[in-house]
Amino acid sequence: MEVQQNPPELVPQAEAAWEWFNAMGAPKFWVAPMVDQSELAFRQLCRRHGATGAYTPMLHARLFLETPAYRAEHFTTTTQDRPLLAQFCANDPDTLLRAAKLVEGYVDGVDLNLGCPQRIAKRGKYGAYLMDDLPLVERVVRTLAGGLSVPVTVKIRRFPCVQRTVEYALMLERAGASLLAIHGRTRAQKRASEVRAEWEHIRAVKQALRIPVLGNGNIRTRADCHTLMDATGVDGVMSAESLLVDPALFSARRLQPGGEYGHLDGCHLLLEYCDLLDLHPTPWRMVKGHAFQLLGAWLTEFTDIRERLNKSHDGWDGEKLRQLTLEVLERIEASGRTHPVPAISARQLARMEAEAAKQRAIEEQDREEAGLAALPGSGGREGCGEGCGVAAAAEADGSVQQQAEQAAAVEEQRQAALAGA
């Protein structure tokens with residue numbers, strides 16, 4: 001399908017959007033919003049290694065507005081943590097506006113999550129499930145854009161039809177969005193391992209809109225970032241899952257000979273993360289998730305360390321994790337190998353990870369439901385537990401066997417890559 005190129009003239013809103021985007025340095029490489037994973041310490045790690053913009057984890061608007069403890073745990077930042085977009089999930093314009101006003105002085109923009117595909121978002125009518133009520137989406141964006149002193153941005157998923165995706169994006173631009181990020185998968189395509197993102201939709205949206213556009217999907221390496229930008233014309237890219245494995249994915253050195261992701265990089269990056277934890281204390285459940293991702297395939301060989309990490313609890317801190325990481329690093333160097341020799345199969349590991357992901361999803365859902373139940377006037381089971389972009393956060397009622405099979409294929413590919421296959 002052919003979509004007309006942007007007209008040369010820009011409406012005042014689009015001019016203002018570009019002035020804002022350029023004033024931030026026209027950031028090209030963005031840390032995507034990830035529940036319990038794009039917290040301050042991890043954002044700062046990614047910024048050290050090439051990320052030029054970042055989103056907060058997805059924030060539940062009502063919990064954020066009415067629960068000081070929730071705000072304190074989920075929203076932390078510093079003057080060096082910029083550009084930064086605060087992402088919220090919400091379906092009530094007034095609640096969202098009031099919540100966003102609490103952060104507008106500390107961020108460069110406020111983002112509306114229109115991409116979360118998980119079951120809890122469906123039940124709470126948030127994220128990608130707002131695609132079923134576009135008048136409400138338009139009202140939410142207009143209310144936010146008219147009531148904040150900072151720009152409003154949106155992150156969406158595509159419809160199956162390119163034309164409908166473009167019409168959706170144009171509606172959001174008219175409603176007042178100053179930047180749009182589009183994920184190249186549909187709401188039904190929840191896990192990246194299942195299907196590749198469709199860049200055709202991203203390209204069509206970029207051609208149709210006058211505001212800056214970010215692309216998301218199929219980003220595994222720094223080279224993929226440039227391929228996506230060249231293929232679609234977008235103004236920047238974002239990554240989620242791949243950054244969890246390699247927070248230096250956006251680094252220019254990844255394009256240089258010898259600068260590719262190596263077998264010791266995960267340990268070294270985790271040690272850097274431990275240093276940042278000294279500056280930015282972080283809930284252990286978030287830290288633990290990063291440790292599993294960064295130590296990665298080596299935990300299939302060093303299963304005793306995997307078990308120790310699995311049993312770690314809130315009494316752990318950055319120093320304990322640093323010592324464990326140094327032990328892993330010493331063992332890798334002593335092995336003389338660049339790849340692990342698994343003591344458990346990739347399929348067994350994938351099953352364990354799928355079960356852990358299921359438990360994390362249940363725990364996140366329980367935390368939100370408990371928080372909402374404690375608020376005055378909460379009679380329903382509203383909630384939105386998972387941000388988009390993290391395949392590890394499996395739906396609580398999903399099939400562990402199916403997830404294990406999918407994850408096993410990914411893990412086998414990663415081990416093959418480490419082995420130089």
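A nonpolar core is here a set of buried Ala, Val, Leu, Ile, Met, Phe, Trp, Tyr and Cys residues that are joined through side-chain atoms within 4.5 Å. The legends below refer to a predicted model.

**View 1. The whole chain and the confidence of its prediction.** The protein contains 17 helices and nine strands, and of its 421 residues 57% count as buried. Among contacts between residues at least 6 apart in sequence, 74% join residues that are at least 24 apart. The average pLDDT is 86, and 81% of the residues score at least 70. Two stretches call for caution. Over residues 1-5 the pLDDT stays under 50, and the model has eleven contacts beyond four places in sequence for them; over residues 380-421 the pLDDT likewise stays under 50, and here the model has 112 contacts beyond four places in sequence.

**View 2. Phe88 within the largest nonpolar core.** The largest nonpolar core holds 114 residues, of which Phe88, Leu172 and Leu180 touch the most other members. Helix H12, residues 265-279, supplies the largest share of this core, with eight residues. Once neighbours within four places in sequence are set aside, the contacts of Phe88 include Met58, Leu59, Ala61 and Phe64, and they also include Leu96, Ala99, Ala100 and Val103, together with Val110, Asp111, Leu112 and Asn113.

View 3. Strand E4, residues 84-89, is mostly covered, and six of its six residues are buried. In a regular strand the side chains alternate between the two faces of the sheet. In E4, Leu84, Ala86 and Phe88 lie on one side and Leu85, Gln87 and Cys89 on the other, and both faces are covered. Strand E2, residues 53-55, runs parallel to E4 and is joined to E4 by two bridges, with Leu84 of E4 as the bridge partner of Ala54. Strand E3, residues 59-60, also pairs with E4 in the parallel sense over two bridges, and His60 stands opposite Cys89 of E4. A further parallel pairing, over four bridges, links E4 to strand E5, residues 109-114, where Val110 is the bridge partner of Ala86. From E4 the chain crosses through helix H5, residues 93-101, to E5, and this β-α-β crossover is right-handed.

View 4. Strand E1 pairs with E9 in the parallel sense over three bridges, and the partner of Trp30 in E9 is Met238. Strand E8 pairs with E9 in the parallel sense, again over three bridges, and Gly215 stands opposite Val237 in E9.

**View 5. Ser38 in the loop between strand E1 and helix H2.** Ser38 belongs to the loop that lies between E1 (29-31) and H2 (40-48). Its relative accessible area is 0%, and Ser38 is therefore classed as buried, the cut-off being under 20%. The side chain of Ser38 reaches the backbone nitrogen of Met34 at 3.0 Å. Apart from neighbours within four places in sequence, Ser38 is in contact with Val31, Ala32, Pro33, Arg43, Tyr55, Thr56 and Pro57. The C-alpha atoms of Ser38 and Met286 are separated by 9.0 Å, although these residues are 248 residues apart along the chain.

**View 6. Asn218 in the loop between strand E8 and helix H10.** Asn218 is placed in the loop between E8 (213-216) and H10 (222-232), and with a relative accessible area of 6% Asn218 is buried. The side chains of Asn218 and Arg185 are joined by a polar contact of 3.2 Å, and a polar atom of the Asn218 side chain lies 2.9 Å from the backbone nitrogen of Ala197. Beyond its neighbours within four places in sequence, Asn218 is in contact with Arg185, Arg196, Ala197, Trp199 and Asp224.

**View 7. Tyr129 in the loop between helices H6 and H7.** Tyr129 is found between H6 (119-124) and H7 (134-147), in the loop that separates these helices. The relative accessible area of Tyr129 is 10%, and the residue is buried. Tyr129 and Gly115 are 14 residues apart in sequence, and their C-alpha atoms are 8.0 Å apart in space.

Technical notes. Residues numbered from 1 in each chain as written. Predicted model: local features only at pLDDT ≥ 70, side-chain atom pairs only at ≥ 80, totals over all residues. Heavy atoms only, no water. Buried < 20%, exposed > 50% of the residue type's maximum accessible area, 1.4 Å probe, protein only. Contact = heavy atoms within 4.5 Å. Polar contact = N/O pair within 3.5 Å; in protein donor to acceptor, adjacent residues only side chain to side chain. pLDDT = per-residue confidence, 0-100. Pairing = 2+ DSSP bridges. Right-handed = clockwise from strand over helix to strand, strands pointing away.
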